[in-house]
Amino acid sequence: MKQEIAMKYNRRIYPVYKGIGWDPLFYSAIIFLFLTQVKGIEASKVLYAESACSLFGLMLQMPVTILIEKLGSRKSLIAGNILVTIQISMMLLANEFFILLIAYFILALGTAMKDVCESAVLYDATKACQGKNSLGRIDAKGSSASYILQAITSILAGYLFVVNPYIPLILSSLCSLLAVIIACRFEEIEEKKVRTNLLEMLQDGKEGLKFILKSQRLKALLLFTSLFVGVLMMISSYEKSLLKDLQVAPQYFGIIFALLSLVQSFSVQYQDKIHNTFKNKALAFLSLPIFVSFILIGMIVKLEINRIVVIIVVFAMFSVQHFLRAPYWVLENKYLTNFTNSDIRVKILSISKITKRISRMLMTFVAGLLLEYYMTSQAYLIIGIVGLVIMLLVLNYMKKRVGLNPEEYEKKDIEYDKL
């Protein structure tokens with residue numbers, strides 16, 4: 001009975017926690033401007049630091065997993081939010097690249113803990129629930145709250161940045177501290193105790209990698225996700241860099257990213273419809289227009305036409321990117337975990353997380369390198385053309401390996417035999 005009450009309580013406060021703590025409020029709309037304009041850090045160096053953050057996340061994944069096993073999900077979630085709060089506060093002092101690297105190391109550690117524990121806390125609270133209390137419903141409710149709050153605070157952040165650029169980051173730190181307080185309110189739910197050490201994790205990873213290497217389906221999916229996620233994660237910084245090049249006023253940054261958050265809030269609800277409509281072409285539908293939009297952005301900015309028209313077209317392309325990326329995150333997990341069981345699911349997701357971090361690290365480094373030598377619009381054009389060609393080759397490779405009926409797969413593609 002006590003456990004059921006704890007689960008019910010956690011389900012009630014989880015959407016509140018996710019709305020406030022999933023993605024730092026007042027932060028993403030202005031952080032690029034803050035670092036480049038106020039702190040004087042070059043745009044390319046900001047992207048190098050983000051690339052380093054991915055590297056830190058990759059290095060910390062195994063130690064963090066062991067730490068979570070020792071502390072438990074609730075305590076680890078609290079610790080992760082505390083670290084994110086510290087990182088946001090450190091940005092106020094980030095006058096040089098070295099301090100930025102330290103801040104991003106703390107962010108990588110905190111985010112690694114949060115990513116695992118948020119899912120674990122929600123799963124433990126909803127594992128026996130259906131209907132409105134199911135995992136999907138509770139998670140969607142929290143996501144919706146987050147997108148709406150992001151929209152509101154993005155608008156405020158843009159105007160507050162003009163008044164004093166430090167105000168949005170101070171408010172972001174306070175909101176992150178509030179997320180810590182809410183995380184402390186989660187009840188500890190009795191879980192199966194698992195003794196985990198580095199040797200066991202390496203063995204799990206080895207088994208998962210063996211299965212993936214045998215499965216043509218999983219190899220093709222991981223190839224796609226590694227390329228596409230790397231591109232999606234660099235979009236945010238490139239958007240802000242381009243708007244800065246177009247001399248868009250800081251107060252309008254908030255409005256633009258608020259509208260884009262609302263676009264995502266709308267489109268994420270249609271992930272099932274996209275899957276059912278396009279079936280094995282869903283990933284092509286979600287990915288190819290994004291690369292085309294990169295090319296169009298690069299071309300329209302180079303044309304000597306009315307600045308207002310350029311900004312309208314650029315915003316339309318941003319909207320396309322955000323409309324497609326929101327459902328992708330949901331469908332990615334769906335496709336990766338199809339045909340899996342409890343023995344292999346975590347192993348596949350773990351390998352996927354590693355490959356995506358490597359891809360993000362490489363893509364953000366390349367994105368920063370391009371900004372060293374080209375304008376942002378030119379970098380968009382280069383990534384759009386090269387990315388479109390590579391993506392078409394990857395999708396062609398996937399055609400006979402992903403999206404088939406179960407009976408069309410070989411046994412080794414979808415069935416895991418525990419060693």
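Tutor: In helix α7, the buried residues are Pro-168, Leu-169, Ser-172, Ser-173, Cys-175, Ser-176, Ala-179, Val-180, Ile-182 and Ala-183. Buried means under 20% relative accessible area, exposed over 50% and partly exposed in between, with a 1.4 Å probe and protein chains only. Helices here are DSSP runs of H or I with at least four residues, strands are runs of E with at least two, and both are numbered from the N terminus.

Student: Before we go on, where do these values come from?
Tutor: This is a predicted model, where local features need pLDDT of at least 70, side-chain atom pairs count only at pLDDT 80 or more, and totals for chains, interfaces and linings use all residues. Residues are numbered from 1 along each chain as its sequence is written, and side-chain values use heavy atoms, leaving out hydrogens and water.

Student: Thanks! What does α7 span from its first C-alpha to its last?
Tutor: Helix α7 covers residues 167-185 and reaches 28 Å, close to the 27 Å expected for its 19 residues. The expected span is 1.5 Å times one less than the number of residues.

Student: Which residues have the most contacts inside the largest nonpolar core?
Tutor: Those are Leu-35, Met-91, Leu-169, Phe-224, Tyr-238 and Met-398, in a core of 112 residues. Helix α9 (residues 216-245) gives the largest share of this core, 15 residues. A nonpolar core is a set of buried Ala, Val, Leu, Ile, Met, Phe, Trp, Tyr and Cys residues joined through side-chain atoms within 4.5 Å.

Student: And what is Met-91 in contact with?
Tutor: Leaving aside neighbours within four places in sequence, the contacts of Met-91 include Tyr-27, Phe-34, Leu-35, Leu-100 and Leu-169. Contact means heavy atoms within 4.5 Å.

Student: Switching topic: how many disulfides are there?
Tutor: Zero, from a search of the whole structure; the cut-off is a pair of cysteine sulfur atoms within 2.5 Å.

Student: Is Cys-117 buried or exposed?
Tutor: Cys-117 is buried, at 0% relative accessible area. Cys-53 is buried too, at 11%.
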